[in-house]
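Work through the exercises below with the sequence and the model open beside you. Each task is followed by a solution that goes step by step.

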Amino acid sequence: MRQLKSARESQSRNPERPESYTVRVAPTKESILFSPRSVLVTGGAGFIGSNYLRYVVPRYPETRFVNLDALTYAGNLGNLTAIESADNYSFVRGDITDATLVASLFASHAFDAVVHFAAESHVDRSILDPTAFVTTNVHGTLVLLQAARDAWKSTSLPVRFHHISTDEVFGSLGYEGEFRVDTPYNPRSPYAASKAAADHLVRAFGTTYDFPYVLTNTSNNYGPFQFPEKLIPLVLRNAASRLPIPIYGKGENVRDWLFVEDHCEALDTVLRRAPLQSTYLIGGSEEVSNIDLVHQLLSLFDELAGRNEEPSTDLITFVSDRPGHDFRYALDSTPIRDDLGWTPRHDLKSGLRKTVAWYLENQEWLDGILNQEYLSYYDTQYSERG
Ligand SMILES: NC(=O)c1ccc[n+]([C@@H]2O[C@H](COP(=O)([O-])OP(=O)(O)OC[C@H]3O[C@@H](n4cnc5c(N)ncnc54)[C@H](O)[C@@H]3O)[C@@H](O)[C@H]2O)c1
């Protein structure tokens, strides 16, 4: 394992870096390579972004965090009440595709880090209409890269751009194997294709302009504050309202689940400790089929809600499958565990228990975000599949 010599030195690019993007140079577990002072967080009103801000804002009072979010249907400032009045936090409503706005934010806040979450993130919506996915996920990422490159081209200070991506860029696995950092990309949904394009742009900036990025691909997240179009909150919302619980196909598709707070800790670790131009895969190593997951969730729901009537599993309704539904994702997270010392604190059982308890205690939050747009989307998505 190579010992990194100094913070400034370790900011510089790895001279041994091969042409491929798969480089990893292991820092020691203790080494902090980077301590940002002013961070632009995009998409911080969404599910993972808001969990991240609630994790980092109180933890790093000397660092300023600016949250740039367009507040699409998926963004909700109610996710951020715990930190909204913190001195080191501010919110700007705006679109990442707005190059003038992004450049002016760089000029006024002198960001030395960008943590880029903002995206259209829901596969089913990308199948209904991919346009916004290309606009935000590809063009929006390009706008941020250009602004960061312009702002940072003559700086000698440490700076870095953390691009948050998904395991879906790698395609679909059979029963065996795991995605690794050098697995070729094979995106199969418009969402995955747009994230893959953004990842390629980030790495191309690295190669072409020596741009200081780190990139992470993560498995399915779950936990508090997730919008109820995604599987786990959708199941919990429908169970609470005694509505049918739609499961695609036979529910055999397998996902690797990661509790969102563990993901946020991993992201903070990568931003501070990973070598520049490195990629890390972040998974929970908790694989389960959708139908098994839903059974676990519903039995926890019945237990924690104190229900003694008919079991909530009676609400499960199988509906026609998502087109091109990827069968299985699994990530090899050994490098982030070995190199950076990160490991998830929650297994699926404890993470699901916390999640179900949170949704039961926060019914008002859930009711508050179920607007007309969501209800008509839900209708389009499920009413004709029964
Ligand atoms: N949720 C997961 O399981 C998961 C897994 C792997 C990777 N990711 C990636 O993590 C990131 C965050 O995912 P999430 O689940 O929190 O998404 P989300 O849909 O909950 O939140 C996205 C946020 O981005 C904002 N946004 C969308 N378009 C914007 C634009 N043009 N300009 C500014 N803000 C905009 C939205 O208002 C919202 O607050 C995404 O990049 C996603 O691809 C998510």
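Two residues are in contact if their C-beta atoms, placed from the backbone, lie within 7 Å. This structure is a predicted model, in which local features need pLDDT of at least 70 and side-chain atom pairs count only at pLDDT 80 or more, while totals for chains, interfaces and linings use all residues. Residues are numbered from 1 along each chain as its sequence is written.

**Exercise 1. Leucine 71**

Find the loop that holds leucine 71, and decide whether leucine 71 is buried, exposed or partly exposed.

Solution. Begin with the elements: helices (H or I, at least four residues) and strands (E, at least two) are DSSP runs, numbered from the N terminus. Leucine 71 sits in the loop that joins β2 (64-69) to β3 (89-93). Next comes burial: a residue is buried if 20 or more other C-beta atoms lie within 10 Å of its own, exposed if 12 or fewer, and partly exposed in between, with C-beta atoms placed from the backbone. Leucine 71 has 14 other C-beta atoms within 10 Å, so leucine 71 is partly exposed. Leaving out residues up to four places away in sequence, leucine 71 touches Ala45 and Arg93. Finally, the phi of leucine 71 is near 55 degrees, which is a positive value in a residue other than glycine.

**Exercise 2. Glutamine 277**

What is the phi of glutamine 277, and is glutamine 277 buried or exposed?

Solution. Phi of glutamine 277 is near 60 degrees, a positive value in a residue that is not glycine. The loop to look at lies between α8 (260-273) and β10 (278-282), and glutamine 277 is placed there. Counting then gives 24 other C-beta atoms within 10 Å, and therefore glutamine 277 is buried.

**Exercise 3. The shell around the ligand**

How many residues surround the ligand, and which element gives the most to the shell?

Solution. A residue is near a molecule or strand if its C-beta atom, placed from the backbone, lies within 6 Å of it. There are 30 residues surrounding the ligand, and the closest are Gly43, Gly46, Ala74, Gly75 and Ala119. Two or more residues of the shell come from each of α2 (47-59), α5 (131-152), β5 (160-166) and β7 (220-222). The most is given by α2, with three residues. To sort the shell by class, count Ala, Val, Leu, Ile, Met, Phe, Trp, Tyr, Cys and Pro as nonpolar, Asp, Glu, Lys and Arg as charged, and the others, Gly among them, as polar. The shell then divides into twelve nonpolar, 14 polar and four charged residues.

**Exercise 4. The protein as a whole**

Solution. The protein has 13 helices and twelve strands. Its radius of gyration (taken over C-alpha atoms) is 20 Å, close to the 21 Å that the globule rule (2.2 Å times the number of residues to the power 0.38) gives for 386 residues, so the protein is as compact as a globular protein of that length. Buried residues make up 45% of the 386 residues. Confidence is the last step: pLDDT, the predictor's confidence in each residue, runs from 0 to 100. The average pLDDT is 90, and 91% of the residues score at least 70, whereas pLDDT stays under 50 over residues 1-26.
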